[in-house]
Amino acid sequence: MSTMNWKRRFTLCECAVMVLLLGHMTSALEVPLDSKVLEGLPQPPTITHQSPKDYIIDPRENIVIHCEAKGNPHPSFSWTRNGTHFDVEKDHKVITRSNSGTLVIDISEEKAEAYEGVYQCMARNEHGTAVSNNIVIRQSKSPLWSKERNEPITVQVGVSLILHCRPPAGLPPPIIFWMDNNFQRLPQNSRVSQALNGDLYFSNVLAEDTRNDYICYARFPHTQTIQQKQPITVNVLNVDAMNETVLAAYLNDTDFLGDRPAGERKPSFMYPSGDSSTVSVLRGETLELECFADGLPTPEISWTKANGDLPNDRFSFHNFQKTLKITEVMEADGGDYHCLARNRLGNAQHIITVVVKAAPFWISAPRNLVLAPKEMGMLICHVGGNPKPTITWLVNGVPIENSHKDPSRKIEDNTIILSDVQTGSSAVYQCNASNEFGYLLANAFVNVLAEPPRVLTPPNYVYQVISNRQAMLDCASFGSPIPKITWFKDGQTAIVNGDSYILHENGTLQINVAQPLNSGKYTCVATNSLGNRENHVYLEVKEPTRILKQPEYKKVQRSSKAVFECKVKHDPTLIPTMTWLKDNGELPDDERFVVDSDSLTINDVTQEDEGTYTCIMNTTLDQDSASATLTVVEATAAPPIIYERPDPPRDLELTDQKERSVQLTWTPGDEHNSPVQSFLIQYEDSLHEQDVWNNMTEVPGTSTTAHLDLSPYVYYSFRVLALNDVGLSEASIPSNQYRTNPASPDENPSDVEGTGTEPDNMVISWNEMTGLQSNGPGLQYKVSWRQKDTDEDWMSIIVANVSEYVVTGTPTFVPYEVTVQAINDYGSGPKPEVVLGYSGEDRPTMAPESVKVLVQNSTVAEVHWEPIPPSTVKGKMLGYKVSYWKEKSLQKEDSKPEKPQELTFSGNETEGRLPDLQPYSQYSINVRAFNGKGDGPPSTNQKFETPEGVPGPPTFLRITNPNLESFTVEWGPPVDDNGRITGYILKYQPINNTEELKEMTLLANETSVILENLKYSTRYKFYLNAMTIKGSGPIVTTAITIMDEAMTSRQVDIATQGWFIGLMCAIALLILVLLIVCFIKRNKGGKYPVKEKEEAHQDPEIQPMKEDDGTFGEYSDTEDHKPLKGSRTPSNGTVKKDDSDDSLVDYGEGGDGQFNEDGSFIGQYSGKKEKDTAEGNESSEAPSPVNAMNSFV
């Protein structure tokens, strides 16, 4: 039944009204049975229970005719019998049950036939009358078999035979079966079988069919009685095997069928007869077609349908293929059915034409209709049947044409159209559809009500469902007009039809695939024109029960231990129950089987323990199971342990799915004898970075689950890698993709700055957000700014795909408040942090003033200046730069200006020191301010002079023209005179002597002096420094030995003589001869004493002068120290004899001269090593140029 609200009057033609009604009706309102709802709610009667139309009664029991109805007020009941009023109160044998229309008729003292007839019940209240079907009461009957005498039947072997049953007609018809005298069913097969009418068919008889107790039984189900027919005797003869005398005597008292034994023959039909037949059946009933064939050998029966196949799910064969049964017959089942009988000699076919008729059946029965005043509605009685049923309408049990006229009611064939209904026009309408095969009667009330909405679903009901399964949330309601149901989740936006949700007409909310994020509070609101009512229910989406680590195939040795693991994950709020089975049965009652929370241990395994073991985890909502097989083998040597990387995890599953998190579970792979230390979880975002896997988190190796925090608007796929001591496993197969819903941004761009690049702009920059940070499509940035400490409004602009925005037309270097906020299609990010920025800088426009220089000494000065006004800085004041340079020397007229030097003073400093100045010089200086843009103009150059200072060291100090009587000391003036040179101070004294230091003051223009009358054979050291009016400068030194210098000069003279050169060659030749002799002797094994090394000369005059002594003795060979002809003897006047003796050691470097095995001398031919000369107070300065030059003579 359908209803709809009409908000305006229609003045269209009747045809148009029908079209609108058919196109816009909504589902009818069902009146609930809830007594709390019904209380005070008017309702016409409705028949809720009645006896069947054809009611066969047992005469031994009371007759009970049911008629139950509901309504408000509760209806009263009345009956008709055979079309007239049945006054039950006048018949004391008839009792009506309290608050019911059900009749109980006591027939203990009356025959049941007296109450046979057609009964009809009427339930009535002030809102209408409902009527029941016509209930035909008939007494069940089980009549006796008519008396008959059955003559014995004699037949030849091989002929066909029919034994007729012909049971008495009963009500209902009896059930037929054949038995013998011992109440044993007679065997039936493809040769012998029973027809639907009870007859027993033999396709051909055999000798063993001879018997005298073929008895047909009829069982009457209502009375539970069994009637039997008189036994039938059948004699099967083989005439060819009997002589005529015996045959004649045997046939005198029997009916003989056939004159000779029947031979093999092709099939023919015993039933049905002929080539074709016709069968009628009603739609919805069961069709049974049967064929019985004569033939030898016994024929095989098969069935086909012409021009079509047998209905797959509704047909079956019975009675050894002789019966075709089709249930719930439909019109399409009509047609020709071919029954084919076949044996090896041929076949026969019979065509059965099936004609399907139909008693009336409902296509759409009229439904109760609840209308609000002024509404419109329709009652539709849509039936089918063959022949087409006749439809008649009644109202309150009275033919509608005989009822009072109602202008709001119009009948159109099988439809009653109601328009503009009024309060008080409630009624019960009956639709009666009938044809020759039966009738249908339906009651449908029209209840005109004005009721505000009521929600019938219990409040605060909690629905529990497993994740990824369907959830149905009920919102049963009542109201007139029909309430509109709206659903809300967590008090937010209304739920609409879509991929995730389906809203049913009855108010039920269907969630196709429930996810954890669907958990929460749901509110359904029922609304009509008279008000609204809401109800809250709760949905809890539970994690599915999953076996994370399944039991694995075990191959163990006898008497060892087998352990099956079964690690399970389940929702923590559900109570789990673990059960273990062996071969789908209970575990053996044996203490060797130990069941723990997540494992089964079998100790001391025996051969009988082999089998399949199954663990089953049950919760109140779901279950999961897994199995593994145990194989027991004989004991063998243990194989070597092999350590490998773990296998990748498997069976990744996402559970506890929420908006911002998900639970990832997996099953670990084989550890390969090395325990897993940790699991690495990676994710791929196929929306923003496809095929890029990022590390997400790491969990301990004992975990098989991880709670992952997610970001909105990401298409996540996860994979897991396992790590053990050997290495990292391959990645697991990725999980199913999990798409998080978009949301407004959780954060704003980072590193927001406002910095000007030009004097009239400000560049607002930030770090662009990634796709992972965007939280949704349409990522943009709202850039806002305003000048600080002003009343200006915020200026804003929205940009996308950039990381900076340039604000132009700004004053130079003024502070701005800057914000950058992320926004997307789903909203704005959090309130952004205000950042202080500045517009662009310009160079300072003013030079520092009042620049003053205060000279501290000849090398240091202080400079002071006044800071420039802040308004002229034009940016962030970074400090001041002081440039200064030497213009000229006040001593040297030809000096050139030097390159300027620059000192930087940060911040607001207004003074500084100028270090490392040159004394007695003229300097220029200026000061300029600088900021981030650059330097401002310099101040006017200021000049200042440095006073004189002490001079630098003389450029050199050397001894020239040495002889035994005098020598000359020369020097160069200082490079840095640092003023006017006033003179030099020369000091000297003997080394290692206590004589007083002698000092000479020399004039400024002097650069040399001759010294005479110095002590012979004495070493002197000289000191020289220059002077200005400020004092003496650094000292330079040198040293000289008087004797060494003269002697060296003589040696040079001798060395240039030819005789000296010849002598040296002779000595060299002698040494060569000695070396050869030593070489030969050594090869012969001779021993030669080596003279002890000569004592070192004590006379310092013949010792070579070391290069760092500043003396003239440079030649180091020992021979050079021997007195030569014309040379002066040593000061002690003696020369040791041993000095002329050569020692091989002396030719080597040191006293460890050695020979090789071949007699060659290892030591290099060189002078004897000199002993170090101890001169503790000798100067460490470098030798004077004079010494250096003489050392190479």
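Strands E55 (residues 577-582) and E59 run antiparallel, joined by six bridges; strands are DSSP runs of at least two residues, helices (H or I) of at least four, numbered from the N terminus. Two strands pair if DSSP finds at least two bridges between them. Lys582 has Tyr613 as its bridge partner in E59. This is a predicted model: local features need pLDDT of at least 70, side-chain atom pairs count only at pLDDT 80 or more, and totals for chains, interfaces and linings use all residues. Residues are numbered from 1 along each chain as its sequence is written, and side-chain values use heavy atoms, leaving out hydrogens and water.

On to E60 (residues 623-633). E59 pairs with E60 in the antiparallel sense over eight bridges. Thr612 has Thr629 as its bridge partner in E60. A hairpin of four residues connects E59 to E60. Strand E59 (residues 611-618) is mostly covered, with six of its eight residues buried (buried is under 20% relative accessible area, exposed over 50%, partly exposed in between; 1.4 Å probe, protein chains only).

Now the charged pairs. The whole structure holds 39 salt bridges (a side-chain nitrogen of Lys or Arg within 4 Å of a carboxyl oxygen of Asp or Glu). Glu887 and Lys943 form one, at 3.4 Å, N to O. Glu887 sits in strand E78 (residues 877-889) and Lys943 in strand E82 (residues 942-945), so the pair ties together parts 56 residues apart in sequence. Lys943 is exposed, at 56% relative accessibility.

Arg958 bridges to Glu970, with closest N and O atoms 3.2 Å apart. Arg958 is partly exposed at 29%, as is Glu970 at 22%.
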